[in-house]
2 protein chains.
Amino acid sequence: MSDSSLAPWRSLLAGALHRNRSLVYARYFQLATIAPDGSPTNRTVVFRGFLDPGDRVQIITDARSEKIPQLAADPRAEVCWYFPKTREQFRLTGTIEVVTATTTDAALQKARRQIWHNVSDGARSSFAWPEPGADRADAAAFEVAPLDKTTPLDSFVLLVLSVDRVDRLQLRGEPQARQIFTRGSDEKSGWDTREVNP
Amino acid sequence: MSDSSLAPWRSLLAGALHRNRSLVYARYFQLATIAPDGSPTNRTVVFRGFLDPGDRVQIITDARSEKIPQLAADPRAEVCWYFPKTREQFRLTGTIEVVTATTTDAALQKARRQIWHNVSDGARSSFAWPEPGADRADAAAFEVAPLDKTTPLDSFVLLVLSVDRVDRLQLRGEPQARQIFTRGSDEKSGWDTREVNP
C-alpha cells in the first residue's frame, strides 16, 4: 500500500492527533480570517476530519456567523493548531470554500450531509438557535426539539480548507525542529519540504 | 480598595488564568495579524502578563520574525485564547505597539528590560540564534552561552496589545453564555457590556 498521494505533512498531523487523543481539545484549533475592513479575526473551531479523498480540512459553522461574509469577501485563512501533549504546532495556510444548502457540487454536498448526520443532537439543535451575536434571546428560544438527521438546516455550513503551506514547529528539543511544506514540483508528493530555523 | 479602573473583562480573564493554572499551556494563546499581501497569519505565543498599570497584554517576539514587518504595516491584531479546563474562550481585539531597543518611551523600555530579565536562560539565548525561518543552520550556531540579564539583545522585542473589544464565550452550559465588551461611555469602567447569543 502506498501513501504517495498524501501530503507529507498529513502523516505528521495524523501522528499528532493520535498522540494527543486523550485531550478532547486537541481537536480544536484557531482559525484566522479577514474582516471586510481588512482586520484580522480569530476564533476556536473544531476539526471535523479531512474531506475524503485528499487533504482538505473540514470545519462547520453557522451561516449567520461573521465568518461567512468574511470568507465571501476573502477566502484566505490560516489555522493555528497547537498540540499540548506533544508540544507541536501546525500552521495551515490556504483558502476556504463555503459549502451551503445551495452548493451544487455533489461530493461537497454529500460531505455536508454526512457531518450533519454525525454530530450530536445538541450540536444540530444549535443551528436552530437565535442569531449568533445578536442581543441575548429568552431562554425559550434555545429550546429546540431534536432535529431530523438526514436534512441539514440551511444555517448549517461546511467550510473546506485547501492547504497550500504548512509550518510545523516542535517545541520539544533545543533548538526546536521546524519544517515548512509548500505546494511544489516534487513529482511524488507534489510538496516541497524545507528544514528551517525555529 | 477599588478596582474600578480595571476593565470589566480583566477580572474574568484573571479568574480563567487562575482556574487553569495547572495547565502550563493555558498561558499560550493564538495571535492573528495581517501579512503585507492582506492575508491572515496566526501563531501561538506566550502570555507575559499585563503592562502595569492597565490592561495592555504583553507578548515577546524576535525582531527578525514575520510579525515585525506585518505589524509595522498594520498594527491590528486579534488574540484567541482558549482555556481548556474551564472551557471558555476570550477573543481580544486591538492594536499592537512594537517596543524595540530604540523605543524611547521610558515605561515601555523598562517593561522590555524587566521581561528580558525574568525569562529563562534558554529563552534569552534563543534571541541569539540564527535567523528564524531561514534554512536550517548547523547545530553549533545554536550553542549560545548564557546572556547578560540586564541588557536585552536588539533582537528582543516586546509587543503590547491595547484591547478595544473582548468577546467571551463560555462553552459550559447550554445554551452557552457569551458577552461582548467594547470601549464605551460607561463612566466608571469605560467599557460597555452586552450579553449576546452564542
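Author: Buried means under 20% relative accessible area, exposed means over 50%, and partly exposed lies in between (1.4 Å probe, protein chains only). This is a predicted model, in which local features need pLDDT of at least 70 and side-chain atom pairs count only at pLDDT 80 or more, while totals for chains, interfaces and linings use all residues. Residues are numbered from 1 along each chain as its sequence is written, chains are lettered from A and ligands numbered from 1 in the order in which they are written, and side-chain values use heavy atoms, with hydrogens and water left out.

Reader: Why is Arg87(B) called partly exposed?

Author: The relative accessible area of Arg87(B) is 32%. Partly exposed covers what lies between the cut-offs for buried and exposed, so Arg87(B) belongs in that class.

Reader: What makes the phi of Arg87(B) worth noting?

Author: Most residues other than glycine have a negative phi. Arg87(B) is not a glycine, yet its phi is positive, at about 55°. Arg87(B) lies in the loop between β4 (76-83) and β5 (88-99) of chain B; strands here are DSSP runs (E, at least two residues; helices are H or I, at least four), numbered from the N terminus. In chain A, Arg87(A) has a positive phi near 55° and is partly exposed at 32%.

Reader: Why is the pair Asp37(A) and Arg76(B) called a salt bridge?

Author: The term requires a side-chain nitrogen of Lys or Arg within 4 Å of a carboxyl oxygen of Asp or Glu. For Asp37(A) and Arg76(B) the N to O distance is 3.9 Å, so the pair meets the definition. Four salt bridges are counted between chain A and chain B.

Reader: How do you know how much of each chain takes part in the contact?

Author: Contact means heavy atoms within 4.5 Å, and 49 residues from chain A and 49 residues from chain B take part. The buried area, which is the accessible area (1.4 Å probe) that two parts lose on being put together, summed over both, is about 4,000 Å² between chain A and chain B, with carbon and sulfur atoms giving 50%.
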